[in-house]
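Here is a short note to read alongside the structure.

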Amino acid sequence: MSSPWFKYASPATFYPLAGRMIPVFWVLAAGLILLGLYWGFFQTPDQLGGTNPQKEYYRIIFIHVPAAWMSMWLYVVMVGWAAVGLVFNTRLSFMMANAIAPTGAIFTFLALWTGAFWGRPSWGTYWDWDPRLTSELILFFLYIGYIALHSAIDDTRRADRAAALLAIVGLVMVPVIFWSINCPDPNQCAALHQRSGLGRIEGNILFSMLVMTFGFLMYSFATALTRLRGIILTREADTQWVQAEVRAEGPAGART
Amino acid sequence: MGPGGGSGRGPSGGADMMEFLNQGGYAGFVWGSYGMALALLVAEVVGLRRQRRTILTRLGRLLRLRTPGGHP
């Protein structure tokens, strides 16, 4: 039990550690996002060739794809912590899952929103019941359902377990989104999302896209850990160390 | 941007800026996407800061209520 993993599984030891890591993630997030935006707008071609050229609006890709990747990745991480919580009954794991959900929901909404704004000029419609759009919308509802179910149950332990089960069942949507392409060959049928590979993307576009993805990842670490610290304070409010922390940090506590 | 003089730089810089903002006529779609991303991320960060202050204030009040003679 002397492994560092068990040591940091305690909220009391993880709280200050998270506090030290958050500023690093903020700096990395800001730096990467600024670099990605600069590269995406000034070092990429204005149009993508082909018989059906993608004009300037393809630049939405620098938010759309990273946001969509984050929406799936954060869901997998959230389910991972929820499962660890169910199996090992560790408090901090459930709190992690709770802290990730709102950020995941935001990125899922962003993927849908930017997709609509990209779809209008390139496909002529804001929305279609394409398999990938539909499954991403269900993922958004799963995030909302997880948050709503958790907040609807007063007993925190029961809320943790019920919401974790819902999240685990919903995990089925992630591979569905990933492989949801109903038309492998765009010459045969009208395909909204087509099969693609990272190797087929122009170098500068791929670079900006990946930099933005890592920027969003760092942003997610920063926001999830900040939210986690709030959850730890609320749930451990009766412990000695939280009371000491509140006395040291709190705007009201500072006066006493 | 053209080289040299301050008089030449202003208009051409402005034209570059307009061209950039116009995004080839797709300004609404491009900035609509980036604007929503910016708005949501800023809202989340502001919300988290406010939440943290609220929690600390609330716990601080509870603490002073429970500690006898703890209030100033």
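A crossing of two helices is called left-handed if the near helix is turned anticlockwise from the far one by less than a right angle, and right-handed if clockwise.

1. First, some ground rules. This is a predicted model, in which local features need pLDDT of at least 70 and side-chain atom pairs count only at pLDDT 80 or more, while totals for chains, interfaces and linings use all residues. Residues are numbered from 1 along each chain as its sequence is written, and chains are lettered from A and ligands numbered from 1 in the order in which they are written.

2. Let us begin with chain A as a whole. Chain A has 9 helices and 0 strands, where helices (H or I, at least four residues) and strands (E, at least two) are DSSP runs numbered from the N terminus. Of its 256 residues, 40% count as buried; buried stands for 20 or more other C-beta atoms within 10 Å of a residue's own, exposed for 12 or fewer, and partly exposed for anything in between, with C-beta atoms placed from the backbone. Among the contacts in chain A with a separation of 6 or more, 75% come from residues 24 or more positions apart; a contact needs C-beta atoms, placed from the backbone, within 7 Å.

3. Now for a helix pair. Helix α4 (residues 91–123) of chain A and helix α5 (residues 131–152) of chain A have axes that come within 9 Å and cross at roughly 150°. Axes here are lines fitted to C-alpha atoms, for helices over the stretch in contact, and angles run from 0 to 180 degrees between N-to-C directions. The angle makes α4(A) roughly antiparallel to α5(A); under 35 degrees counts as roughly parallel, over 145 as roughly antiparallel, 65 to 115 as roughly perpendicular and the rest as oblique. Their crossing is left-handed.

4. Who takes part in that contact? The residues include A:Ala101, A:Gly104, A:Ala105 and A:Thr108 of α4(A), and A:Leu133, A:Phe140 and A:Tyr143 of α5(A). By class, the contact of α4(A) with α5(A) has 14 nonpolar, 5 polar and 1 charged residues. Ala, Val, Leu, Ile, Met, Phe, Trp, Tyr, Cys and Pro count as nonpolar, Asp, Glu, Lys and Arg as charged, and the others, Gly among them, as polar.

5. Is A:Tyr143 buried or exposed? A:Tyr143, in helix α5 of chain A, is buried because 25 other C-beta atoms lie within 10 Å. Beyond its neighbours within four places in sequence, A:Tyr143 is in contact with A:Ala101, A:Gly104, A:Ala105 and A:Thr108.

6. A second pair is worth a look. The axes of helix α2 (residues 11–42) of chain A and helix α8 (residues 203–235) of chain A come within 7 Å and cross at roughly 155°. That makes α2(A) roughly antiparallel to α8(A), and the crossing is left-handed. The contact of α2(A) with α8(A) has 24 nonpolar, 7 polar and 1 charged residues.

7. Finally, chain B. Chain B has 2 helices and 0 strands, and 12% of its 72 residues count as buried. The contact between the chains takes 28 residues from chain B and 34 residues from chain A. On the side of chain B that touches chain A, the residues divide into 14 nonpolar, 9 polar and 5 charged.

Methods: Two residues are in contact if their C-beta atoms, placed from the backbone, lie within 7 Å.
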